[in-house]
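Notebook open, two chains to go through.

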Amino acid sequence: MGLTLRDLMLVSPELALVVLALAIVLLDLVLERKRFVLAVGVAGLGVPLAAALGLWAVVADGGAEMAFHGALIVDTFALYFKLLIVGILGLLLLASADHIERFRPHQAEFVALVLLSAAGLMLLAGAADLIAVFVSLELASLPVVALVAFGKNDRSIEAGIKYLVLSGVSAAVLLYGFAFLYGATGTVRLVALDPALPTIATMLPAVADGRPFGSTAVLVGVVLATAGFGFKLSMVPFQMWTPDVYEGAPTPVAAFLATASKAAAFAIVLRLFYTALGGASAEWSIMFAVLAAVTMSVGNVVAIAQSNVKRLLGYSAIAQAGYMLIGVAAVAGGGGDPLGVQSVLFYLGGYAAMNLAAFFAVIAITNVTGDDRIEALAGMGRRSPLLALILAFALISLIGIPPTVGFMGKLFLFNAAVSADLAWLAVFGVVNSVVSAYYYMGIVRTMYMREPPELDGPGEPGRIGAPVAAWLAMGVATAGVAVLGVWPAWLLDVAGSAAGALVP
Amino acid sequence: MLERLLILSAVLFCIGLYGVLSRRHIIAVLMALELMFNAVNIALVAFSRYVTPADLAGPGGMAENARYVLTGQGLAVFVIVAAAAEVALGLALVIALIRRTDTLDITGVSLMRR
């Protein structure tokens, strides 16, 4: 018993993030120039990045390390998400340099809360028992509640209250599900390196008696846990909060929710279902297939009617979650084929790049115009050709048109669905992509085909620029979309070795 | 006995869920949320007391394997802490809300989805 140095080494990426967050809060007290705080935040991300890369080298050959008496696991699957989250954080902080000036004098608290939430998300990706899942989920979502309400205007506070209540309800529902899983199996352990230790998978009642998942308690537990995670994934029918929170929250927070938060939620859903409930994959596969079909349809159809660009990106996030659920549902060969997991991991990486590019362009534009209606984007092709181009490129990728990562990602997802005998789901995904083209292209059309609005206030509807840091972040994200679109093999390889840790 | 505790927990959970969905006052919503968390705690502690993995009942028994047997109670302690943090944050938002709108009725707070 007790804390060892080895445990601390294994959680060094998360530890570095927490230390960085605390250091930023302290630095804020002594520093006059608040911009410097952000620079420290971005530069400090090098430490968790290096730590995660170092740990990757340790477990790269398919091994795994457990820390804190089996509460946390460090394998390539967890590290893939940790690296992804650190990358998202770096770009996000760079791109929001201008935006967080609005929160003066609380810029440092904003950065620190983002970092703390990201530490929770990283722990979530490596959680190996239900207690760790719950604690890291709370660590990830409580700072986000504060961040959503950070705008301190009426909409922001309304969004904060909605997010608090709904994340609280989802946590309670999730826990109730965990209680039943624990009750049915007598253990909360998801994975164990020592085969003698009981895990949920080994203690599950036999499926022999014909009831779904072997017993009613497990069935109730699985349904409640899926509902609880459904909130985090913005999965229909638990998606109601998404558009409201995305619209009300400060735009960088919405971008964080759409990329980092969603990635970690997928990480834990994949881990829970593939390891603890892997034996019942036939049952939950069809459940996720139906949920995927409903989620993408609802997201895409409702998005058509939106007039606010942040709200539209909220519905887009729901639809994209639906596409990724295809990969979760695509368990082939009794869970022995990593293709589905691999495609989800690849899509999450590509989705982070294209969604961040879109959000960054929206952040840069709304910082100047202060108006997040779609019609306010009219004439953007002339007012800011480069920003309009980046946004258009990101939206084309979100539709899934080559040569972008969105196309490659969907190709792999649909391929996984077909090889798991879910061809109908792939067809559903293609039809949905066509529907989504309507509203994504609507934004592009508004930017290029319509005249800029007449301004009531002083000044011309002039050109729109962005700070250097934001251009850098947009450049990296856009380059990611393009490079992964023509040369996806390397990320696919990395995703493959990460998926291999989950599906041996 | 386990059945009775689980029924109590389920009833409490449903009352809490109904309260969260139907209450208009933000403080009442937070109270209902607490009810849901505590319903889960009852279930966890009940399972912890009555369900023991079969391979722990042998020689060595409970004393040897106390940390497995107490898992449910351990999780319940974490739930209590997290619920307290949740409410602290909720109250901070309540103060922010009342400063701006002078009301705690959350039906008054719906600018979006017009």
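My entries follow, by topic.

**Ground rules**

I am working from a predicted model, where local features need pLDDT of at least 70 and side-chain atom pairs count only at pLDDT 80 or more, while totals for chains, interfaces and linings use all residues. Residues are numbered from 1 along each chain as its sequence is written, and chains are lettered from A and ligands numbered from 1 in the order in which they are written.

**Chain B**

I started with chain B and found 5 helices and 0 strands, in the order α-α-α-α-α along the sequence. Helices here are DSSP runs of H or I with at least four residues, strands are runs of E with at least two, and both are numbered from the N terminus. I looked up burial next: of the 114 residues of chain B, 29% count as buried. Buried means 20 or more other C-beta atoms within 10 Å of the residue's own, exposed means 12 or fewer, and partly exposed is in between, with C-beta atoms placed from the backbone. For contacts in chain B with a separation of 6 or more, 59% come from residues 24 or more positions apart. A contact needs C-beta atoms, placed from the backbone, within 7 Å.

**Where the chains meet**

I then went to the interface, which takes 37 residues from chain B and 33 from chain A. On the chain B side, the elements giving two or more residues are helix H1 (2–22), H2 and helix H5 (71–101). H5(B) gives the most, with 15 residues. By class I noted 27 nonpolar, 6 polar and 4 charged residues on that side. The classes: Ala, Val, Leu, Ile, Met, Phe, Trp, Tyr, Cys and Pro are nonpolar, Asp, Glu, Lys and Arg are charged, and the others, Gly among them, are polar.

How do H8(A) and H2(B) run relative to each other, parallel or antiparallel? Helix H8 (residues 154–185) of chain A and helix H2 (residues 26–50) of chain B pack at about 10°, axes 9 Å apart. They are therefore roughly parallel to each other. Axes are lines fitted to C-alpha atoms, for helices over the stretch in contact, and angles run from 0 to 180 degrees between N-to-C directions. Under 35 degrees counts as roughly parallel, over 145 as roughly antiparallel, 65 to 115 as roughly perpendicular, and the rest as oblique. H8(A) passes H2(B) in a left-handed crossing, that is, the near helix is turned anticlockwise from the far one by less than a right angle (clockwise would be right-handed). Among the residues that meet are A:Val165, A:Gly168 and A:Tyr176 in H8(A) and B:Leu33, B:Phe37 and B:Phe47 in H2(B).

**Helix pairs inside chain A**

Helix H4 (residues 46–59) and H5(A) pack at about 160°, with axes 10 Å apart. That makes H4(A) roughly antiparallel to H5(A). Their contact includes A:Leu49, A:Trp56 and A:Val59 of H4(A) and A:Leu79 and A:Lys82 of H5(A). It divides into 9 nonpolar, 1 polar and 1 charged.

**Core**

The largest nonpolar core has 247 residues, and those with the most contacts inside it are A:Ile85, A:Ala264, A:Ala357, A:Phe360 and A:Ala361. Helix H15 (residues 339–369) of chain A supplies the largest share, 21 residues. Such a core is a set of buried Ala, Val, Leu, Ile, Met, Phe, Trp, Tyr and Cys residues joined through C-beta atoms within 7 Å. Leaving aside neighbours within four places in sequence, A:Ala361 is in contact with residues including A:Leu387, A:Leu391 and A:Met474.

Most residues other than glycine have a negative phi, and most peptide bonds are trans. I noted a cis bond from A:Arg104 to A:Pro105, omega near 5°, with A:Pro105 in the loop between helix H5 (76–95) and helix H6 (107–125) of chain A. The bond from A:Val236 to A:Pro237 is cis too, omega near 5°.

A:Phe68 has a positive phi of about 55° without being a glycine. Its 15 C-beta neighbours inside 10 Å make A:Phe68 partly exposed. A:Asp421 has a positive phi of about 60° and is exposed, with 11 other C-beta atoms within 10 Å.

Terms used. Contact = placed C-beta atoms within 7 Å.
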